[in-house]
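Work through the following exercises with the sequence and the model side by side, and try each task before reading its solution.

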Amino acid sequence: MFRNWWVILLRGLLWIGLGVVTLLMPEITLSSLILLFAFSVILSGILCIYGGIRKYDSQKYWWAEIIMGLLSIAAGVIALTYPGLTTLVMLSLIAGWSLINGVFEIITAIKLREVIENEWFYMLQGVLAVLFGILLFIFPGEGILSILWLFGIYLILTGGMLALLSLKLRGIHRQLTE
């Protein structure tokens, strides 16, 4: 994970970028949201799988990142295949993906606790993902505009947490290679 810190940074920057676009253009249609979501989670899934494969020889839980990558790609393919999904179904897909992603991020943060200090921001990112998913399940009918704003803020916070983690891992990687 330390030598692949840049993969986590790319994921964080991807989420921050998508969050900024979502906040700056709240009038985007649901179909645009579906496309943005689909391509973002597919790219994120590819990066997760790459990171998991790179960890195969060096880490015990490499498979968890590959599973999250496959789930992300599946969520993106479903969104692309059925663009006519209703708002409720699309929100449920995003909520389910967010919950699963958050649980995997929390599990990873717990495992990182054995290796690095201050893994709390990675844990917080997982908690944010779980809370976001729960809120979407509880309040699906509150309006797509409010969901877009919530989604944008969530993506920026999540991306920030991933970027902070990557910088921490980069520093550790530099220490290990010196």
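**Exercise 1. Decide whether glutamate 105 is buried or exposed, and find its charged partner.**

Step 1. Glutamate 105 has a relative accessibility of 4% and therefore counts as buried, where buried means under 20% relative accessible area, exposed over 50% and partly exposed in between, with a 1.4 Å probe and protein chains only. The model is a predicted one, in which local features need pLDDT of at least 70 and side-chain atom pairs count only at pLDDT 80 or more, while totals for chains, interfaces and linings use all residues. Residues are numbered from 1 along each chain as its sequence is written, and side-chain values use heavy atoms, with hydrogens and water left out.

Step 2. The side chain of glutamate 105 meets that of arginine 11 in a salt bridge at 3.0 Å, N to O; the term requires a side-chain nitrogen of Lys or Arg within 4 Å of a carboxyl oxygen of Asp or Glu.

Step 3. Because glutamate 105 lies in helix H4 and arginine 11 in helix H1, the pair ties together parts that are 94 residues apart in sequence; helices here are DSSP runs (H or I, at least four residues), numbered from the N terminus. Arginine 11, at 3% relative accessibility, also counts as buried.

**Exercise 2. Classify the ring pair of tryptophan 15 and tryptophan 97.**

Step 1. The structure holds six aromatic pairs, defined by ring centres of Phe, Tyr and Trp (its six-membered ring) within 6.5 Å, with planes under 30 degrees apart stacked, over 60 edge-to-face and the rest tilted.

Step 2. The centres of tryptophan 15 and tryptophan 97 are 5.5 Å apart with the planes at 50°, so the pair is tilted.

Step 3. Tryptophan 15 and tryptophan 97 are both buried.

Notes. Helix = DSSP H or I, 4+ residues; strand = E, 2+ residues; numbered from the N terminus.
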